[in-house]
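Let's take a friendly walk through this model, charge by charge. Keep the viewer open as you read.

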Amino acid sequence: TLSVYGTRRLGRMVEQCCAVARHLAARVAREPLLELMAPVTLDIVCFRVRFVEMDDEALDSLNAETVKDVQESGVAAPSTTRIHGRLVIRAAIVNHRTTDSDADRMLDAVLASAARRRGEL
């Protein structure tokens with residue numbers, strides 16, 4: 001990769017991914033139903049859907065099912081991880097072609113799925 005792209009172009013690709021991650025983190029911070037779960041230092045954003053009436057176990061389940069819904073929709077492929085024992089949504093921006101609009105579409109899909117699943121509870 002280094003010999004094909006060179007250090008400058010590769011650096012720009014990494015910076016593009018980090019910029020999209022910062023955009024996603026800012027959007028998460030503005031959404032009242034979302035909670036940023038870790039500082040965003042590079043290209044990974046960890047967050048979770050939260051509803052005040054739900055306990056941690058129910059929120060873990062909701063977030064896991066929401067990730068499955070988004071993956072199955074084909075919109076994006078977030079994963080899950082645990083931070084301080086809580087299941088969170090993990091978005092790793094690793095493709096330099098990913099745009100702010102792509103991140104927004106993923107977050108819109110997360111919010112729509114969570115709202116749908118909340119109504120089923």
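R8 sits in helix α1, which spans residues 2–30. In this predicted model, R8 has 70% relative accessibility and therefore counts as exposed. Together with R9, R12 and R97, R8 forms a positive surface patch.

Next, look at the salt bridges, of which the structure holds 13. One of them joins the side chains of E15 and R22, at 2.7 Å from N to O. E15 is partly exposed at 42% relative accessibility, and R22 is partly exposed at 44%. Another pairs D104 with R27, with the closest N and O atoms 3.3 Å apart. This pair links distant parts of the chain, since D104 belongs to helix α3 (residues 100–120) and R27 to helix α1, 77 residues apart. D104 is partly exposed at 22% relative accessibility, whereas R27 is buried, with a relative accessible area of 12%.

Now turn to D60, which forms a salt bridge with R82, the closest N and O atoms being 3.2 Å apart. Because D60 lies in helix α2 (residues 56–73) and R82 in strand β3, the pair ties together parts that are 22 residues apart in sequence. Salt bridges with shared partners join D60 and R82 with R48, D56 and R86 into one network. D60 is buried, at 13% relative accessible area. R48, in strand β2 (residues 44–49), is buried too, at 1% relative accessibility. A polar contact of 2.9 Å connects the side chains of R48 and D60.

Finally, visit the loop between β3 (79–83) and β4 (86–92), where H84 lies. Most residues other than glycine have a negative phi. H84 is not a glycine, yet its phi is positive, at about 50°. With 81% relative accessibility, H84 counts as exposed.

Key
Residues are numbered from 1 along each chain as its sequence is written. This is a predicted model: local features need pLDDT of at least 70, side-chain atom pairs count only at pLDDT 80 or more; totals for chains, interfaces and linings use all residues. Side-chain values use heavy atoms; hydrogens and water are left out. Patches are made of residues with over 30% relative accessible area and no salt bridge: like charges are joined within 9 Å, nonpolar side chains (Val, Leu, Ile, Met, Phe, Trp, Tyr) within 5 Å. Accessible areas come from the Shrake-Rupley method with a 1.4 Å probe; for residues, only the protein chains shown count as cover. A salt bridge is a side-chain nitrogen of Lys or Arg within 4 Å of a carboxyl oxygen of Asp or Glu. Lys and Arg count as positive and Asp and Glu as negative; His and the chain ends are not counted. The place of a charge is taken as NZ of Lys, CZ of Arg, CG of Asp or CD of Glu. Helices (H or I, at least four residues) and strands (E, at least two) are DSSP runs, numbered from the N terminus. Buried means under 20% relative accessible area, exposed over 50%, partly exposed in between (1.4 Å probe, protein chains only). A polar contact is a pair of N or O atoms within 3.5 Å; within protein, one must be able to donate a hydrogen and the other to accept it, and residues adjacent in sequence count only if both atoms are side-chain atoms.
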